[in-house]
Amino acid sequence: MTSTEPEKKRSPCATVIVVAVVLLVVLLTCMPYLLSMALAQAPAARAEASPIFGVTIPDGYKQWELIAPAEEAAPLNELRAVVGNQTAIDAYNDGKLPFPDGTILVKRAWKRAKSPEFASATIPGAATTVQVMVKDSRKYGATGGWGFGRFVNGRPVDEGQHRTCFACHEAGAKDHDYVFTRLAP
Ligand code: HEC
């Protein structure tokens, strides 16, 4: 009797300690897993952004207003449409240069296809690339204030291709804030 009584008194206390230790172990065991989940999500989100610039395909760009269509000769044989967000459209309408921060331009492109219903008509075939320019004069100060992104099937192309963007836009359109496309009349 005398030997079991102290044991009975100790056991609830021991149970509390055991439960606390178990909880602590569970928490500590879960911590790296939770952390790795959080870290795994960040690179996954970043993977959709372009190298160098971290530009992503903007939401809702398919509903944006048309700035101008364009056509590219062989070998690409593409139809293109440059569209812009409201900041871009306002700047175009006001003839404002340079484009203000927040401007986003998207160039959509499709293979040129012959209309099955009307031989002389050319229509968009398969989508090829989505190209994006984002104006942020501080973040992209080294490239005229523009961040670039080129996407095929929704995925950014490699860093090498992204190194070519600014050079060509600078060579051809420096006096128009590095933007080739003019508002279609
Ligand atoms: C060899 C020249 C050249 C290179 C390299 C180039 N572009 Fe362009 N880009 C053009 C031309 C020319 C236009 C005008 C529209 C057209 O002809 O398709 C244009 C248009 C654009 C537009 C629409 C706004 C504008 O300036 O008219 C975007 C957005 C764009 N390019 C993004 C990119 C991105 C992103 C890259 C790099 C991955 C890139 N460009 C590389 C020549 C180039």
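**The ligand shell**

Helix H4 gives the largest share of the shell around the ligand, five residues. The model is predicted: local features need pLDDT of at least 70, side-chain atom pairs count only at pLDDT 80 or more, and totals for chains, interfaces and linings use all residues. Residues are numbered from 1 along each chain as its sequence is written.

In total, 23 residues surround the ligand (C-beta atom, placed from the backbone, within 6 Å of it). The closest are Arg150, Cys165, Cys168, Phe180 and Thr181. Elements that give two or more residues include strand E5 (146–152), helix H3 (159–162) and helix H4 (165–173). By type, the shell holds eleven nonpolar, eight polar and four charged residues (Ala, Val, Leu, Ile, Met, Phe, Trp, Tyr, Cys and Pro are nonpolar; Asp, Glu, Lys and Arg charged; the others, Gly among them, polar).

Now the chain. It has four helices and six strands (DSSP runs, numbered from the N terminus: helices H or I, at least four residues; strands E, at least two). Their order from the N terminus is α-β-β-α-β-β-β-β-α-α.

Of the 185 residues, 22% are buried (20 or more other C-beta atoms within 10 Å of a residue's own; exposed means 12 or fewer, partly exposed in between; C-beta atoms are placed from the backbone). In helix H2 (residues 86–94), the buried ones are Ala88, Ala91 and Tyr92. They sit on the same side of H2 because they cover an arc of only 100° around the axis (taken from the directions from the helix axis to the C-beta atoms). On the other side of H2, Gln86, Asn93 and Asp94 are exposed.
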